[in-house]
Amino acid sequence: MNETIEKIHPQVYRIPALFIGIEVELYLLLGERTALIDTGASDSVSRFIEPALKGLNLGLADIDCIINTHAHPDHLGENGAIKRASKELVMHHTADEPFTMGPEGFLSSRYDISAVMRKIGREDQVDARRRVLSQHLGEIVGVDRWLQDGDRIDLGRGMVLQVLHTPGHTAGSISLYWEKEAMVFTGDSLQGRGIFPGWMPFYFHAAEYIQSAARLSQLPLQTLCLGHGYQTGRRINHPVRQGKEAVKSVEESLEVAQMIDAAVSAALESEPSSDLVGFTHAVLTRLQYDLPVILDRDLGAPPHSLAAVNAHLEMKQESIS
């Protein structure tokens with residue numbers, strides 16, 4: 001097997017792709033029908049997907065369906081290119097519908113990083129976000145099957161995926177559970193300590209993220225297939241985790257989000273009137289021994305930290321109002 005693809009089960013292969021220097025994990029599922037979980041950014045077909053398929057004597061036309069775990073550009077950027085080649089079904093959760101409409105769907109949402117940048121007065125970063133979206137979203141195509149929690153996707157050969165609505169990172173994030181093999185594909189619904197050392201988890205719906213992690217922690221689990229190689233307290237963080245390591249990764253994702261929530265609550269008691277950057281600094285200071293985070297020289301705090309802290313802050317403000 002060549003290095004463009006990793007066999008993790010007789011019917012499941014991991015295809016690593018890249019998005020602005022970040023590895024994104026796509027998963028090829030081989031039942032009677034062939035499914036691709038996520039499609040990467042707009043250059044992923046030629047760079048990563050076609051070479052991986054070629055290693056299995058397959059081509060784009062052999063893909064029968066795309067299942068998107070959520071609608072960010074690094075996970076659906078090549079939907080259009082693959083659909084044009086194979087006419088396959090595109091499946092997506094209904095709650096992410098605004099993000100399937102192109103760049104303006106993101107830029108007009110309060111649940112995009114552009115909204116956080118506006119909140120701290122950084123319109124230059126909104127423009128940068130617009131450029132990233134325009135470059136990496138690729139061709140915009142429709143969704144053929146809108147998914148809901150509890151739906152089942154039967155690919156044949158014993159491969160039946162249960163759709164679990166696991167919002168948090170986005171409103172429409174899903175996980176796909178193959179009960180027979182105790183295998184779950186979580187996209188970005190579980191993020192451990194963040195995507196790189198010194199980063200925080202990146203989500204826009206704090207209560208939902210915690211609830212989703214708690215739900216996933218109740219699954220019988222043997223294999224965890226993440227959307228990126230999220231960090232844990234361990235030195236090696238492969239995106240596919242087995243057995244006790246898989247279970248621990250789910251538990252740690254929940255624990256980290258609860259830790260952030262507690263720090264936000266504590267900071268609110270002492271600095272309720274700070275702006276978002278100042279308030280995020282206060283939260284990071286409280287977390288520094290348990291969840292050390294690298295600061296951002298330009299923004300004052302890293303974008304992912306600002307987004308997560310803002311999500312917890314908004315959750316608490318909404319509970320009061």
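Student: Which exposed residues does the face of α1 turned away from its buried side carry?

Tutor: Keep in mind that this is a predicted model. As a general idea, an α-helix has 3.6 residues a turn, so residues three or four places apart point the same way. In this case, the face of α1 turned away from the buried side carries S46 and K54, which are exposed.

Student: Which residues of α1 are buried?

Tutor: In α1, residues 44–54, the buried ones are S44, V45, F48, I49, A52 and L53. They lie on the same side of α1 because they cover an arc of only 125 degrees around the axis.

Student: Let's turn to loops. Where is I20, and is I20 buried or exposed?

Tutor: Look for I20 in the loop between β2 and β3. With a relative accessible area of 54%, I20 is exposed, since the cut-off for that word is over 50%. Its backbone deserves a look as well: phi of I20 is near 50 degrees, a positive value in a residue other than glycine.

Student: What is phi of N57, and where is N57 found?

Tutor: N57 is not a glycine, yet it has a positive phi of about 60 degrees. You will find N57 in the loop between α1 and β5, and at 75% relative accessibility it counts as exposed.

Student: Is N68 buried or exposed?

Tutor: N68 is buried: its relative accessible area is 0%. It sits in the loop between β5 (65–67) and α2 (73–76). Leaving aside neighbours within four places in sequence, the contacts of N68 include D38, T39, V90, M91 and I174.

Student: And D112, is that residue buried or exposed?

Tutor: D112 is buried, with a relative accessible area of 1%, and its place is in the loop between α4 (103–107) and α5. The side chain of D112 makes a polar contact of 2.7 Å with the side chain of S114. Not counting residues up to four places away in sequence, D112 touches F106, R129 and F204.

Student: How much space lies in the largest pocket, and which residues are closest to its centre?

Tutor: The largest pocket has about 840 Å³ of space. Of its 31 lining residues, the closest to the centre are I22, R129, W199, F202 and P303. Elements giving two or more residues to this lining are α2, α5 (113–119), α6 (123–136) and α10 (303–320).

Student: Which element gives the largest share, and how does the lining of the largest pocket divide by type?

Tutor: The largest share, five residues, comes from α6. By type, the lining of the largest pocket has 18 nonpolar, eight polar and five charged residues.

Conventions
Residues numbered from 1 in each chain as written. Predicted model: local features only at pLDDT ≥ 70, side-chain atom pairs only at ≥ 80, totals over all residues. Heavy atoms only, no water. Helix = DSSP H or I, 4+ residues; strand = E, 2+ residues; numbered from the N terminus. Buried < 20%, exposed > 50% of the residue type's maximum accessible area, 1.4 Å probe, protein only. Contact = heavy atoms within 4.5 Å. Arc of directions from axis to C-beta. 1 Å grid on protein atoms, 1.4 Å probe; cavity = no way out; pocket = protein on both sides within 12 Å on 5 of 7 lines; lining within 4 Å. Points joined across faces, edges and corners; volume = space filled by probe spheres on them. Nonpolar A, V, L, I, M, F, W, Y, C, P; charged D, E, K, R; others polar. Polar contact = N/O pair within 3.5 Å; in protein donor to acceptor, adjacent residues only side chain to side chain.
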